[in-house]
Amino acid sequence: MLGVAGPALIGRSIHDFVQPGDQSKFASVGAGDRLSFDLTVRHADGARRYLLATCTPRLIDQSRPDGIIAVLRDITKSREADHQIRLLAHALHSTDNCVSISDTSGRIIYVNPAFVHTYGYSDSELLGRSIDVVRSSRNA
């Protein structure tokens, strides 16, 4: 995840890798509380990575914290995919070309504003209906 060999991690803190803006997130982990939050770290190759951290305080006895046990999951690819989906959704929504998306049974699950404007239907008249509705006599 960090691009650092196991032996080189011994004695180091996660704070050595976490970006400055995310350092304060660890302060929220108190006695008995388990928290999950996103972190931004720098890989050894300089690339930015996104991690999901699930942190639990390590307790000396029943109430005194003596550190944090953190489980880290690399969510970089998921974040990048979400970004690509947002870009594609924006492109579909803003194009002047008519776009409709149907499920495997031929029911419309998305229409962009250009489609609605061109065919004269509202979203609610189209969503869930067969694509055949746009081939009706209303559009002849």
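Modeller: The residue I would pick is T76, which is found in helix α2; helices here are DSSP runs of H or I with at least four residues, and strands are runs of E with at least two, numbered from the N terminus. The model is a predicted one, in which local features need pLDDT of at least 70 and side-chain atom pairs count only at pLDDT 80 or more, while totals for chains, interfaces and linings use all residues. Residues are numbered from 1 along each chain as its sequence is written, and side-chain values use heavy atoms, with hydrogens and water left out.

T76 counts as buried because its relative accessibility is 7%, where buried means under 20% relative accessible area, exposed over 50%, and partly exposed in between (1.4 Å probe, protein chains only). Its side chain is joined to that of D74 by a polar contact of 2.6 Å, a term for a pair of N or O atoms within 3.5 Å, of which, within protein, one must be able to donate a hydrogen and the other to accept it, residues adjacent in sequence counting only if both atoms are side-chain atoms. Leaving aside residues up to four places away in sequence, T76 touches R48, R49 and Y50, contact meaning heavy atoms within 4.5 Å.

Of these, R49 in β2 stands opposite V41, and β2 (residues 48-59) pairs with β1 in the antiparallel sense over eight bridges, pairing requiring that DSSP find at least two bridges between two strands. The open sheet has three strands in the order β1-β2-β3, with antiparallel pairing. Since β1 (35-42) and β3 (65-74) stand at the edges with a single partner strand each, one side of each is left without a neighbour in the sheet.
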